Amino acid sequence: MINGSFAALKMMFTIAHLTFHEALRKRVLLAAIVLGALFLIVFGVGIYFINDAVIQQELRSAPSAIRAQSNRLAYNFLAMAGLYTVNFLLVMMATLLPVDTLSGEISSGSIQSLVVKPVRRSQIVLGKWLGFAFIMLIYASCMIGGIVGLVAIMTSYDLPNIHIALPIMLLETLLLLTLSIAGGTRFTTLTNGVFVFGMFGLAFIGGWVEQVGGLLGNQAAQNIGVITSLIMPSEALWRLAAHYMQPDGISALNITPFSSTIVPSPNMLLWAIGYTLITLLLAIRHFSQRDL
Amino acid sequence: MFVIETQHLQKQFGNKLAVADLTLTVNSGEVFGFLGPNGAGKSTSIKMLLGLVKPSAGNCWVLGLPPGNVQARRKIGFLPEHFRFHDWLTGREFLHFHGRLYGMSGQALKQRIETLLARVALLEAGDRKLQQYSKGMLQRIGLAMALLNHPQIVFLDEPTSGLDPLGRLLVRDIITEIRNEGTTVFLNSHLLSEIEVTCNRVVFLKRGNVVREINLKDNEIHINELELKLGPVDDSILQGLAQFGSNAHRDGDLIRMNIQDEASLPQLARWLVGQGCEIYRLAAHHPSLEQLFVETMTEENKLTIDG
Ligand SMILES: Nc1ncnc2c1ncn2[C@@H]1O[C@H](COP(=O)(O)OP(=O)(O)OP(=O)(O)O)[C@@H](O)[C@H]1O
Ligand SMILES: [Mg+2]
């Protein structure tokens with residue numbers, strides 16, 4: 001029994017290793033890393049100049065508590081704008097990186113020589129999931145850490161609650177990745193991409209409807225937001241993460257993509273975890289039963 | 001014991017019946033030819049045996065276990081029909097990865113990979129990416145992959161498609177070699193002349209039904225045609241030949257006729273000499289597998305099981 005599960009783990013790691021290797025060989029990873037690095041450089045240079053302007057201003061006028069507070073708001077806004085963009089980047093990466101992994105192998109037939117090996121089909125799905133999760137978790141951590149780190153180093157401003165927000169954003173990345181892998185067990189590559197982005201778009205617009213609804217005190221609009229968040233929790237996760245990173249004293253009227261008038265319930269976290277697990281299980285089940 | 005057994009296996013894709021009713025057995029150590037026209041359901045049958053496709057009805061066992069059983073899979077090799085793989089791997093990496101999936105590792109795996117690369121004449125190309133392989137090279141590396149684990153059964157779905165004559169010869173030699181080592185081969189091919197050389201037994205599949213089964217090694221295909229080249233003869237000789245067979249007729253400067261078996265040949269020769277005929281050639285043929293194939297496939301709804 002112990003031996004058996006050890007062997008099963010070994011199989012999964014063999015597949016995960018291949019998946020990782022594939023991303024390397026096909027230069028997908030390289031492209032993502034280069035783009036991510038460029039993004040961080042642009043962001044860093046931007047902060048440098050903005051920070052410079054802030055310091056100049058401080059020199060001209062006497063420091064005051066109000067001044068310090070508004071600087072903090074400016075830095076926070078900057079960091080949040082960076083993270084907001086990174087969030088999009090991660091959504092795209094988590095969707096596109098594994099979008100082809102099962103559907104592509106099914107349509108090319110290369111999956112056949114894999115599946116007839118002494119490997120369970122569940123191990124193939126889990127192995128691929130592990131490989132991609134490994135890549136995406138590292139990538140997401142580097143990007144988020146890069147933004148937060150740049151802001152901290154250059155302006156000495158520490159984004160609040162990053163230790164809570166980071167895991168939430170990682171969860172969002174995993175959720176999209178899982179959905180993309182699961183879609184690949186049923187759809188062709190193109191359909192799968194359309195499906196996952198479509199789901200993301202749905203959650204995105206639902207989130208905005210909810211925000212505006214909250215601002216106007218319209219319950220129906222808010223309900224639409226909640227329902228779309230249940231169908232696809234990605235946007236709710238971002239809003240939750242963003243909420244934790246807001247500085248105190250930001251006005252409720254200050255509606256930005258990063259602030260929330262309506263904060264998703266922390267229960268949404270549980271739902272998102274469950275959602276990811278269920279999606280993964282459904283992917284395994286469907287892949288295990290289908291003809292190849 | 002049968003290494004493969006199927007009972008009334010059926011596969012329906014939507015409302016398309018790919019395999020109607022497949023019942024067959026394959027003995028251990030046999031090279032089994034699975035023949036039939038395009039779309040007869042050969043690949044689908046193999047996929048059901050391997051657990052790639054779920055049968056709509058019927059049962060099958062491979063090595064006594066249901067298809068897809070992980071224990072059975074350790075002892076199975078498979079070369080798919082449209083051989084495609086992760087072509088960003090090199091030949092060696094590719095074999096290494098598949099070896100790992102069979103649970104092989106370390107020096108034993110390395111050794112096996114080199115042996116197989118040498119066997120399929122790809123030693124030099126081993127470090128090139130599969131992307132750069134020609135179709136025939138892919139086919140050969142695929143064959144090496146199918147043999148990695150010293151399988152008890154190999155399923156080869158058209159292993160020689162796309163191969164040049166030398167490549168085909170190589171595959172034929174490998175099949176003979178592994179048969180001599182006791183491996184059962186389930187072979188699916190359209191190259192009947194090759195099947196004739198390598199297989200012990202063939203079945204003809206037509207629209208998902210077994211319509212004919214032939215034992216090739218038991219001389220089960222009877223000699224049935226005689227070709228004669230004689231000196232000038234008149235029609236009385238042709239009439240006289242009728243006592244040994246049927247349908248004697250001229251074909252250019254040859255005489256052809258149908259006979260039952262070889263046994264009557266010495267007698268026939270004596271008779272011709274007795275008639276004062278000069279014999280330049282006396283050749284008996286049995287029908288080629290190709291002739292039998294064409295005959296079986298063109299006869300509408302014929303259902304004969306020989307042997
Ligand atoms: N996934 C599928 N969905 C629908 N129909 C299928 C599928 N796979 C095979 N078929 C149909 O089932 C029939 C049998 O196909 P199969 O590939 O088994 O034939 P085959 O004997 O291997 O032919 P060939 O000699 O051309 O390789 C064909 O009519 C084919 O169109
Ligand atoms: Mg076929």
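Colleague: Let's start with chain B: are α3(B) and α5(B) roughly parallel or roughly antiparallel to each other?
Modeller: The axes of α3(B) (residues 91–101) and α5(B) (residues 135–147) come within 9 Å and cross at roughly 25°. Axes here are lines fitted to C-alpha atoms, for helices over the stretch in contact, with angles from 0 to 180 degrees between N-to-C directions. Angles under 35 degrees count as roughly parallel, over 145 as roughly antiparallel, 65 to 115 as roughly perpendicular, and the rest as oblique. The two helices are therefore roughly parallel.

Colleague: Before we go on, what pLDDT do local features need?
Modeller: Residues are numbered from 1 along each chain as its sequence is written, chains are lettered from A and ligands numbered from 1 in the order in which they are written, and side-chain values use heavy atoms, with hydrogens and water left out. This is a predicted model, so totals for chains, interfaces and linings use all residues, side-chain atom pairs count only at pLDDT 80 or more, and local features need pLDDT of at least 70.

Colleague: Which residues of α5(B) meet α3(B)?
Modeller: Contact means heavy atoms within 4.5 Å. On the α3(B) side you'll find B:G91, B:F94, B:L95 and B:H98. Their partners in α5(B) are B:I141, B:A144 and B:M145.

Colleague: Over to chain A: how many helices are there?
Modeller: Helices are DSSP runs of H or I with at least four residues, strands are E runs of at least two, and both are numbered from the N terminus. Chain A has 0 strands, and the count of helices is 11.

Colleague: Is the crossing of α3(A) with α7(A) left-handed or right-handed?
Modeller: The axes of α3(A) (residues 65–96) and α7(A) (residues 162–184) come within 8 Å and cross at roughly 25°. That makes α3(A) roughly parallel to α7(A). A crossing is left-handed if the near helix is turned anticlockwise from the far one by less than a right angle, and right-handed if clockwise. This one is right-handed.

Colleague: And α7(A) against α11(A), left-handed or right-handed?
Modeller: α7(A) packs against α11(A) (residues 267–289) at about 25°, with the axes 9 Å apart. The pair is therefore roughly parallel. The crossing is left-handed.

Colleague: Now the interface: how much area do chain B and chain A bury between them?
Modeller: The contact takes 27 residues from chain B and 26 residues from chain A. Buried area is the accessible area (1.4 Å probe) that two parts lose on being put together, summed over both. Of that area, 61% is on carbon and sulfur atoms, and the total is about 2600 Å².

Colleague: Which three residues supply 29% of what chain B buries against chain A?
Modeller: I'd click on these when you look at the chain B side of the interface. Supplying more than any other three residues, they are B:L52, B:W88 and B:L101.

Colleague: Which residue of chain B forms a salt bridge with A:R25?
Modeller: A salt bridge is a side-chain nitrogen of Lys or Arg within 4 Å of a carboxyl oxygen of Asp or Glu. For A:R25, the closest N and O atoms are 2.7 Å apart, and the partner is B:E93.
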